[in-house]
Amino acid sequence: MFLSVFDVFKIGIGPSSSHTMGPMVAAARFLDDLRGGAEKTPGAGELARLGASLHGSLAFTGKGHATDRAVILGLCGLVPETLDPDRAEALEQAVRTEGVVRPEGLPALRFDPATDLVFDYGPSLPGHANGLILKAFDSAGAPYMQQTYYSVGGGFVLTAAELEAQKAGGHDLKSEKTAHAFPYPFGTAAEMLEMGARSGLTIAQMKRANEAVLHGADLDARIDRILDTMDGCVARGLEQEGILPGGLKVKRRAKNIHDQLQAEKGMNLAQPHQANDWLSVYAMAVNEENAAGGRVVTSPTNGAAGVVPAVLRYYRDHCVGATRRGCRDLLLVAAAIGGLIKHNASISGAEAGCQAEVGSAAAMGAAGLCAVLGGSNAQVENAAEIALEHHLGMTCDPAAGLVQVPCIERNALGAIKAVSAASLALRGDGTHFMPLDNCIRVMLETGRDMDLKYKETSTGGIAVNLPEC
C-alpha cells in the first residue's frame with residue numbers, strides 16, 4: 001500500500017473535496033475518455049450532447065456544496081488545482097446562459113444545466129454514497145458513451161470498475177505507483193512500527209524514502225508548495241471579513257478573534273488556555289476560506305482542511321525549536337497516518353461521518369506534531385490513536401449542506417484535540433491499550449452502522465435542528 005503525501009494533501013478549491021473537487025475531476029476524466037474514444041457505444045453518430053446525474057449525498061447536499069457548479073466547470077475542462085476563480089465564474093454563467101460547453105480538443109457540446117444536470121434523490125448508487133453518472137449522446141440523441149464515477153473522499157475519484165477492483169484487493173492499473181517497489185510499503189500501523197524497529201528509522205524517514213522513489217530531488221520543493229499553500233490559506237482567512245455565501249448568513253469570525261489575540265500580546269493578561277484560541281483561529285481561518293470557495297489543501301478532505309494547517313502553524317509559531325525541516329516531517333508523518341486510515345477505513349463523511357474527516361485530520365495532526373517534538377514511533381502511533389478514538393461516532397450533518405455549521409468550529413476543536421493527543425502521547429512511553437489499527441477498524445464499523453441521515457445528507461442531526469430565526 002502506498003498513498004503519496006501529494007495524494008493526501010492536494011491543492012484545490014472549496015467547499016468540499018468529495019462534493020466539489022471530486023465531481024470536477026470526474027468530469028475532466030470523462031472529457032479525456034471522450035477525446036480518446038474509450039468505450040464509445042457501437043454505431044453511435046457524431047458526439048453532440050452531454051448529461052449528468054448526481055446520486056446519494058451528491059444529490060442531497062449538492063447545492064450547498066456547489067456540486068452542480070463543479071460538474072459544469074469540469075465539463076468545460078477545468079481542474080481544481082489550476083482553477084482560476086474569476087475565469088470559472090464567467091464560464092459557469094456562460095454555460096447556464098447558452099447551454100453549451102466548449103472543452104479543449106472536442107467540439108462544442110450541448111449541455112443545459114437546467115435540464116441536463118439531474119439531482120436524483122432516490123437510492124444511492126451501489127458502490128458509494130457519492131455517485132455520479134456522466135453521459136454523452138450523438139446528434140440523434142442516441143447514447144454515445146457513459147461512465148459511472150464515485151467521489152470517495154479527499155478529491156479521490158474512481159470509476160465503478162476501479163472501485164470494484166479496489167474492493168476486491170486489486171489496484172488501479174492507471175496509477176504509476178503500482179509500477180514501483182517502495183522500501184517501506186506498510187499497510188497497517190503495526191507494519192509501520194515493525195518496519196521502523198527493524199530499520200532503525202523514524203516514520204518520517206521511512207515515508208521520505210518511499211516518496212523519494214517517485215519524486216527524488218523534487219520532493220522538498222513539492223512539499224514546500226503544499227506548506228506555502230496551507231500557510232497562505234491561513235493568512236487570507238485571518239484577513240477577510242463579511243458573510244459567508246450560501247444563505248445561512250454565517251459571519252466570518254477568524255479576523256476578529258485574531259485581532260483580539262494580537263492586541264493581547266505582551267500585556268501579561270493571557271490565560272493559560274489562550275493557546276487553544278490560537279489553534280482555533282488558525283483552523284477557523286482555513287475553513288472560512290473553504291466555505292467561501294477559496295483555495296485550500298485537502299487535509300485529508302476540504303471539510304477537515306483546517307486541522308493540519310492549524311497544527312503546522314502552531315508548531316511553527318508557538319513551539320520551541322521549530323524548523324522548516326520539522327514542518328516537512330510533520331506533513332510526511334501526517335500523510336502516513338492519513339494513508340493508513342484511507343486504505344483501511346475511510347476519509348469520506350458521506351461514507352463514515354465526520355469521524356472519517358475531522359477525526360482522521362486530528363489523528364494526522366497529532367501524529368505529525370508528536371513526531372517533530374521528539375516522539376518515538378510508538379508515541380506517534382499512540383498520538384494518532386488518542387486523537388481518532390475521541391472522535392469516534394461523530395456524525396456529518398451540515399446545515400443546509402454547507403461546509404459551515406458545525407464544520408468550521410469542528411475543525412477548531414479537532415486541532416485542539418490533535419495537540420492534546422500529541423502532548424499526552426509524549427508524556428507516556430508509547431505503550432497503550434488500543435492499537436491504532438483497531439481504532440481505525442472501529443471507526444469503519446461505526447461508520448457502517450451509522451444511520452444514513454447522519455452521513456452528509458443533511459436529513460438529520462444539526463441540519464434539521466436549526467434555531468428559529
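Trainee: Which residue in the turn between S7 and S8 has a positive phi?

Mentor: This is a predicted model. In it, S7 and S8 make a hairpin with two residues between the strands, and the turn holds glycine 154, whose positive phi is about 70°.

Trainee: How many bridges join S7 to S8, and in what sense do the strands run?

Mentor: The two strands run antiparallel, and four bridges join S7 to strand S8, residues 156–159. One of the residue pairs to look at is tyrosine 149 with its bridge partner in S8, threonine 159.

Trainee: What pairs with S7 over seven bridges?

Mentor: Strand S6, residues 130–138, pairs with S7 over seven bridges, in the antiparallel sense. Lysine 135 has glutamine 146 of S7 as its bridge partner. S6 and S7 also form a hairpin, with four residues between the strands; glycine 141 there takes a positive phi near 85°.

Trainee: How should I read the side chains along a strand, and why is S7 described as largely enclosed?

Mentor: In a regular strand, side chains alternate between the two faces of the sheet. In S7, residues 143–153, nine of the eleven residues are buried, so the strand is largely enclosed by the rest of the structure.

Trainee: Which residues other than glycine have a positive phi?

Mentor: Lysine 249 is one of them, with phi near 60°. Lysine 249 sits in the loop between helix H10 (219–237) and helix H11 (254–264), and is exposed at 67% relative accessible area. Alanine 400 also has a positive phi, about 60°. Alanine 400 belongs to the loop between H17 and H18 and is partly exposed, with a relative accessible area of 47%.

Trainee: Where is the cis peptide bond of proline 406, and in which loop does that proline lie?

Mentor: The cis bond joins valine 405 and proline 406, with omega about 10°. Proline 406 is in the loop between helix H17 (377–389) and helix H18 (407–426). Another cis peptide bond runs from glycine 14 to proline 15, with omega near 10°. Proline 15 is placed in the loop between strand S1 (11–13) and helix H2 (17–36).

Trainee: How many disulfides does a search of the whole structure find?

Mentor: A disulfide is a covalent bond between the sulfur atoms of two cysteines. The search of the whole structure finds zero.

Trainee: Is cysteine 407 buried or exposed?

Mentor: Cysteine 407 counts as buried, at 14% relative accessibility. Cysteine 76 is buried too, with a relative accessible area of 10%.

Technical notes: Residues are numbered from 1 along each chain as its sequence is written. This is a predicted model: local features need pLDDT of at least 70, side-chain atom pairs count only at pLDDT 80 or more; totals for chains, interfaces and linings use all residues. Side-chain values use heavy atoms; hydrogens and water are left out. A disulfide is a pair of cysteine sulfur atoms within 2.5 Å. Buried means under 20% relative accessible area, exposed over 50%, partly exposed in between (1.4 Å probe, protein chains only). Two strands pair if DSSP finds at least two bridges between them.
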